[in-house]
Amino acid sequence: MERRGFLKSLAGAGLGAGMLSAWGAAPPAQAAGLEDCLAVVVDVDACTGCGACVQACHERAAARVPQPVSPIPASRWGRDRKPDWWGRRNVTDRLTPYNWLYLQSCTVQTARGERRVFMPRRCLQCLNPPCVSLCPLGAARQRPTGAVYTEMSLCFGDSQCIAVCPWHIPRLQAGVGPYLHLAPGYLGYGQTFKCDFCEDIISDGKPPLCVAACPHGAQHFGPYAEMTALARRMAEERHGDLFGLQENGGTCLIYVSSIPFRDIEASLLRQGLISAGRPSLRPAGASLERENDLVGTVLAAPLAGAALAGLRLLRDHWRDKDED
């Protein structure tokens with residue numbers, strides 16, 4: 001079948017459901033087994049904002065985002081989303097496709113006066129991540145270590161991971177990824193990028209680069225049970241607060257602070273420091289409950305994802321014929 005004819009028949013006949021059953025979109029997410037999970041505890045009181053963790057992560061991230069095509073294809077659907085950070089790869093004051101960790105800071109009024117707070121912010125690596133369970137093509141994956149990462153050969157940048165993330169952590173780069181080889185004016189927008197918990201590094205038993213780079217011992221890495229116990233002990237000793245143990249059903253990144261996180265969040269809001277790429281600290285309920293609330297927003301995603309899978313199969317068929 002000619003490419004144009006296939007596209008017309010796919011759009012007219014609605015073949016997504018059949019392709020979905022044949023190829024699968026996103027398998028149901030399973031909560032990571034806590035006995036295998038690894039975690040990071042961030043001591044907010046010890047963080048000085050030196051930026052060593054940001055630099056270490058930035059170098060890793062920059063090497064993993066391809067250069068976008070030029071010009072970036074325009075969408076034929078009347079909504080031309082083309083977020084392009086290629087010319088701003090050195091931006092480190094927010095999360096971008098090329099910067100997966102940044103230092104969020106604000107001034108908080110405490111009983112002892114004003115205090116400057118620094119927090120390294122990145123993907124929290126949810127134990128039961130909604131981005132994994134609701135990705136229409138199954139591009140979002142989770143390792144037994146708890147690391148949530150993206151299989152780039154399957155990511156078309158539909159941005160469902162951004163929509164379902166309680167903190168909208170993933171960032172979109174247009175003009176990259178497999179959609180360019182199919183129908184770039186009609187399907188896909190690029191790819192989404194975020195911290196992958198240095199999934200290949202921690203699988204070898206080594207700490208993430210951000211933890212290894214910290215010169216002040218503000219970040220601790222180890223088995224989930226040990227890290228949660230450490231976080232609870234630190235919070236109890238300081239009469240402090242925790243963020244990450246309960247949020248979104250629990251995460252592999254846990255913050256400890258002597259200042260309540262609701263006060264830090266309020267200060268961030270007052271100072272206008274929460275925006276795209278600068279996530280909030282708002283609490284999120286249990287991830288399974290959130291998934292139930294979000295299912296209605298992504299009912300169309302499996303159909304679109306299945307269509308993309310069908311086009312991917314056809315592309316491989318054409319490639320094989322060309323090679324023959």
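A disulfide is a pair of cysteine sulfur atoms within 2.5 Å. This is a predicted model, in which local features need pLDDT of at least 70 and side-chain atom pairs count only at pLDDT 80 or more, while totals for chains, interfaces and linings use all residues. Residues are numbered from 1 along each chain as its sequence is written, and side-chain values use heavy atoms, with hydrogens and water left out.

The structure holds 0 disulfides. Cysteine 123 is in no disulfide either, its nearest cysteine sulfur being that of cysteine 195, 5.6 Å away. Buried means under 20% relative accessible area, exposed over 50% and partly exposed in between (1.4 Å probe, protein chains only). Cysteine 50, at 46%, is therefore partly exposed, and cysteine 123, at 8%, is buried.

A nonpolar core is a set of buried Ala, Val, Leu, Ile, Met, Phe, Trp, Tyr and Cys residues joined through side-chain atoms within 4.5 Å. The largest one has 58 residues, of which Met119, Trp167, Tyr255, Phe261 and Ile264 touch the most other members. Another core, of 14 residues, lies apart from it and includes Ala139 and Leu172.

Serine 280 is buried, with a relative accessible area of 5%. Leaving aside neighbours within four places in sequence, serine 280 is in contact (heavy atoms within 4.5 Å) with Arg121, Trp167, Glu265 and Ile274. Serine 280 and isoleucine 169 are 111 residues apart in sequence, and their C-alpha atoms are 9.8 Å apart in space.
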